[in-house]
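Trainee: I would like to learn how to read a model like this one. Please take me through it feature by feature.

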Amino acid sequence: MVWILIALGLYRCSIQLPDMEEAREQEIGTDPQEDTGQNVIQENIPETPFDENVRILIMNAGYHGIYHTELHISCEEGFTVLYNGELTDYTPDSELVLHTKDFEVGQTVCITGKNNGRIQLSEPDRSTPALYRGKLECHPDAEGIVVVNELPVEEYLYGVVPSEMPSDYPDEALKAQAVSARTYTYFHKQSYAYPEWEAHMDDSTAFQVYMKCEETQSAIRAVDETRDQVLTHDGKIVESFYYSTSSGYNGGARVWSDMPTAADAYLVETGEEIYASNSEEGEQAYRQYIDNGKEGDVEYREAWYRWKYDRSFDEDSARIFLKKLYALSQSQPETVRIRSRYLPSDQLPEEGAVRDIRILNRKKSGMVSGILIETEHFRVSVASQHAVRQALGCTQDVVTKNDGSRYIMGDILPSAYFYIEKIYDNNGEKGDNLRQVIIHGAGFGHGCGMSQNGAKGLAGRGLTAEQILAYYYKGSIMDIGELAKCQ
């Protein structure tokens, strides 16, 4: 068994890295909008989590759901269709169009490209067709067609790496991405996220983005040159989170929960204890860090290193905001709680004004893990970084990045690393209604694991893939075959 001790790499590299506890740097999702992220492991355990194949559920256009209404299938090499025990050949110039009504519920249509050809899958509302290796299973359901792509892990990574990291990033950064993505894949192969269809993951930012971008030679090379390498800790495969851009500190394993987990051992939070003191002194110290940054931070010159978001709270905007808070309280009652001495919670959107938004909890990394919103009659507490980002984000609003470029937000704030500047009506003080808030933020993503733009920066400094991974994870690199023999 060959072990590559990541921790030792910290001291052997040409640019000496600090210990993880002292590291100053740290996402999915590389269309930087959602996280590769907080996925609940199901109880349905596959029989062979270390075999070479992975099963990916293909979401519909826009990732709005798992059901497809109409599919167009072709392959340059031709393809075969197995349905109800009967095998049918299709020539290279053929196209198969599937609708739910075309086959019986409960009967699977299995499509395989000839000569290992890649299957082209398109649908009317998907602008660009995607080419899939392996085979496609189409499962009819009352609500539509469910598509599962089964293929070897290494070939799956050909479609993940360029979708998660720009292919023009340095080779060593791409190789670090390949190892992290492979590790994440094998971790999730230990369970079925969609047990009804025996799919380990889907192709969205809820797991890893797959086939959003076409395969590239640089990404394929990164996968091939790291073949079968995975990250482990104490002989077990880890859940190797990653995200777009660091704020300058690593959020560690507890970016979603304060509960201790095994991940605490290999995903370590960095930062300054004063930030977590919940004191005015700590808040001022973090504001200074956000405003000035540190030139030593790997991503100091990245566009997402710092950003700013102005949000108005006129009457209409306030009601939109409060309506969203109420909706979140219905879908996430454990993290968004509405309290009032006199009124039922469904009256919150009728308030029409926000009196205050304040930070309740901040981690030593600077991450905000709790906020409180006050209106005339209500107090709304929001816990967890993801819920905070959901609460404060507003679809189609503009975020201004560090380089002056503009980003059109989805429905989630870029990160939970921020402070809030408040402007009250009539230039008043707290007690008047809020007229506007300016959110001064840092980084993009959940902040746990490897920062992809940090990996780019470290590669630019001459670090190898192994050294980059050492910067973000504690543990060892193992061959997946060797790891399987140890289980």
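Mentor: Start with the core. Of the 123 residues in the largest nonpolar core, Leu 98, Ile 111, Ile 357 and Val 382 touch the most other members. A nonpolar core is a set of buried Ala, Val, Leu, Ile, Met, Phe, Trp, Tyr and Cys residues joined through side-chain atoms within 4.5 Å. Buried means under 20% relative accessible area, exposed over 50%, partly exposed in between (1.4 Å probe, protein chains only). Helix α3 (residues 171-188) gives the most to this core, with 9 residues. Helices (H or I, at least four residues) and strands (E, at least two) are DSSP runs, numbered from the N terminus.

Trainee: What should I know about the source?

Mentor: This is a predicted model: local features need pLDDT of at least 70, side-chain atom pairs count only at pLDDT 80 or more, and totals for chains, interfaces and linings use all residues. Residues are numbered from 1 along each chain as its sequence is written, and side-chain values use heavy atoms, with hydrogens and water left out.

Trainee: Which residues is Val 382 in contact with, leaving aside its neighbours within four places in sequence?

Mentor: In general, nonpolar side chains in soluble globular proteins tend to be buried together. Here, the contacts of Val 382 beyond those neighbours include Leu 325, Val 336, Ile 371, Ile 373 and Val 388. Contact means heavy atoms within 4.5 Å. A second, separate core has 8 residues, among them Met 59, Val 146, Val 148 and Trp 197.

Trainee: How many residues of helix α9 are buried?

Mentor: In α9 (residues 465-472), 7 of 8 are buried, so the helix is mostly covered. Ile 468, Leu 469 and Tyr 472 are among them.

Trainee: Is Ser 384 buried or exposed?

Mentor: Ser 384 counts as buried, at 17% relative accessibility. Its place is the loop between β20 (379-383) and α7 (385-392). Asp 228 is partly exposed, at 21%. Asp 228 lies in the loop between α4 (217-225) and β13 (229-233).
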